[in-house]
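Student: I have a new chain to read. Can we go through it step by step?

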Amino acid sequence: PKWKPSSFNGRHNGKRWGVHCNLRERNVTSAEHDMPSFFAEVIFPKLLHLAPMKGCIPNEANAIEYRKSLGHYLVDHVDNRQLSKEPIANLSLAGSCYMTFKS
């Protein structure tokens, strides 16, 4: 998929693969874009070796690009646990940012 401007949880560019958790309509819809084979071949095997991810079946992936020079940002938010039942994994590539999780 192509990068799309988004303002969901803050300004950024994004793209997604796999099922879509529609928070407004509170449902899960089928995939517009299949997961890239790279995910299944490289990322998911490494992810599933982590204890909290054992037994999970990854069905959704998002790529989010934040560029400070463009005014991009991420706001505090809560992921919907009713629609996203599996644990959530975050992978940050080539960036100097970090994410803080609160319970």
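Predicted model: local features only at pLDDT ≥ 70, side-chain atom pairs only at ≥ 80, totals over all residues.

Student: Among contacts between residues at least 6 apart in sequence, what percentage join residues at least 24 apart?

Tutor: Take the contacts in the chain between residues at least 6 apart in sequence. Then pick out those that join residues at least 24 apart. Their share is 54%.

Student: Which pattern does the chain follow along the sequence?

Tutor: Count the elements to begin with: there are 5 strands and 1 helix. Now read them in sequence order. The pattern is β-β-β-β-α-β.

Student: Why does the chain count as being as compact as a globular protein of that length?

Tutor: The globule rule gives 13 Å for 103 residues. The chain's own radius of gyration is close to that, so the chain is as compact as a globular protein of that length. The chain's value is 14 Å.

Student: How far apart do the centres of the positive and negative side chains lie?

Tutor: Two sets are compared here. One has 14 positive side chains, the other 9 negative ones. Their centres are separated by 5 Å.

Student: How many aromatic pairs does the structure hold, and how are the rings of W17 and F39 arranged?

Tutor: The structure has 2 aromatic pairs. For W17 and F39, the ring centres are 5.2 Å apart and the planes meet at 75°. Planes over 60 degrees apart count as edge-to-face. So the W17 and F39 pair is edge-to-face.

Student: Where in the chain do W17 and F39 sit?

Tutor: The pair links distant parts of the chain, 22 residues apart. W17 belongs to strand β2, residues 12–18. F39 belongs to helix α1, residues 37–47.

Student: Is F44 buried or exposed?

Tutor: Compare its relative accessible area with the cut-off. Buried means under 20%. F44 has 14%, so F44 is buried.

Student: And F39, buried or exposed?

Tutor: The relative accessibility of F39 is 13%. W17 is buried too. F39 therefore counts as buried.

Notes: Residues numbered from 1 in each chain as written. Heavy atoms only, no water. Helix = DSSP H or I, 4+ residues; strand = E, 2+ residues; numbered from the N terminus. Rg over C-alpha atoms; globule rule 2.2 N^0.38 Å. Contact = heavy atoms within 4.5 Å. Lys, Arg positive; Asp, Glu negative; His and termini not counted. Charge placed at Lys NZ, Arg CZ, Asp CG, Glu CD. Phe/Tyr/Trp six-rings, centres within 6.5 Å; stacked < 30°, edge-to-face > 60°. Buried < 20%, exposed > 50% of the residue type's maximum accessible area, 1.4 Å probe, protein only.
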